[in-house]
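Please view the sequence and the structure together before reading on.

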Amino acid sequence: MIRAILMGHGRMGQMIEATMARAGDFELLGVVDVGLFEKPEDVPGQPDVLVDFSYSGNLEKALAFGVSRGCPLVLGTTGYSGEQLQRIREASKKTAIVHSSNYSTGVAVLVQALKQVAPKLMDTFDVEIVETHHNKKADAPSGTAKLLVDAVDPDGAFARVYGREGQVGARGREIGIHAVRGGTVAGEHRVIFYGEDEVIEFTHSATSRQIFGNGAVRAARFAAGKGPGLYTMQDVLGEVNA
């Protein structure tokens, strides 16, 4: 059995808890949230993994616990600052950390595909990324959109343009990134390559958040027992498909 601590008990946290229960190979030691355990150290027992899908303000609690206990972490919160991302990298030298902006298997495959396709298109095609989410989502653009931008332009050779307004002039060496918010959309991402007389489009649509719960549990299973290092869903996917 994989002993786990869960941080955050909102919609995603509850979904991950239910997914762990169905999986059959997890024992949930406790949940860190308002009205439950205040911090991971308060949860009895020694966990094999801590899964944090709460909010960026809990990062320090998660990292401190992971480093002090040698406990692998699965971090699924979005909206981390650059400074927080650096702290994640530093902590991964001492414990295993899986960090991704999106835990769906489909998005992990999409990222792999874009890394192969983009180098063949970027010099002659224009690239636009459009993401759509429900009206309750707080951050924009989505962490997944940023993940996709990094997949097509890992070296940052193209300027990032977040929406356009006014007399912007002719398009330059740039990637356009657009955020749409409305209704109950779980998540849709489109990466569009516009060439001369042809268009290539990659689309991923999430019809429910369950895909993220499934991916989080898969990542927790991957992280348990891993040595220090910073891992992504591409690493998780590689092991699953090996």
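Predicted model: local features only at pLDDT ≥ 70, side-chain atom pairs only at ≥ 80, totals over all residues.

Which residue lies over the face of F222? K226 does, at 4.3 Å from the ring centre.

**Charges over rings**
- Besides K226 over F222, R173 lies over the face of F158, at 4.0 Å from the ring centre.

**Aromatic pairs**
- The count of aromatic pairs comes to three.
- One of them joins F53 and Y103, whose ring centres are 5.3 Å apart and whose planes meet at 55°, so this pair is tilted.
- F53 lies in the loop between β3 (49-52) and α2 (59-69), and Y103 in the loop between β5 (96-99) and α4, so the pair ties together parts that are 50 residues apart in sequence.
- Both F53 and Y103 are buried.
- F222 and Y231 form an edge-to-face pair, with 5.4 Å from centre to centre and 80° between the planes.
- F222 counts as buried because its relative accessibility is 6%, under the 20% cut-off.
- Y231 also counts as buried, at 17% relative accessibility.

**Helix α4**
- Helix α4 spans residues 105-121 and has 17 residues.
- From the first C-alpha to the last, α4 reaches 24 Å, close to the 24 Å expected at 1.5 Å a residue.
- A kink of about 30° lies at K115 in α4, shortly before the proline P119.
- The buried residues in α4 include V107, A108, L110, V111, L114, A118 and L121.

Note on methods: Residues numbered from 1 in each chain as written. Heavy atoms only, no water. Helix = DSSP H or I, 4+ residues; strand = E, 2+ residues; numbered from the N terminus. Expected span 1.5 Å × (residues − 1). Bend = angle between axes of the 7 residues up to and from the residue. Buried < 20%, exposed > 50% of the residue type's maximum accessible area, 1.4 Å probe, protein only. Phe/Tyr/Trp six-rings, centres within 6.5 Å; stacked < 30°, edge-to-face > 60°. Lys NZ or Arg CZ within 6 Å of the ring centre and 35° of its normal.
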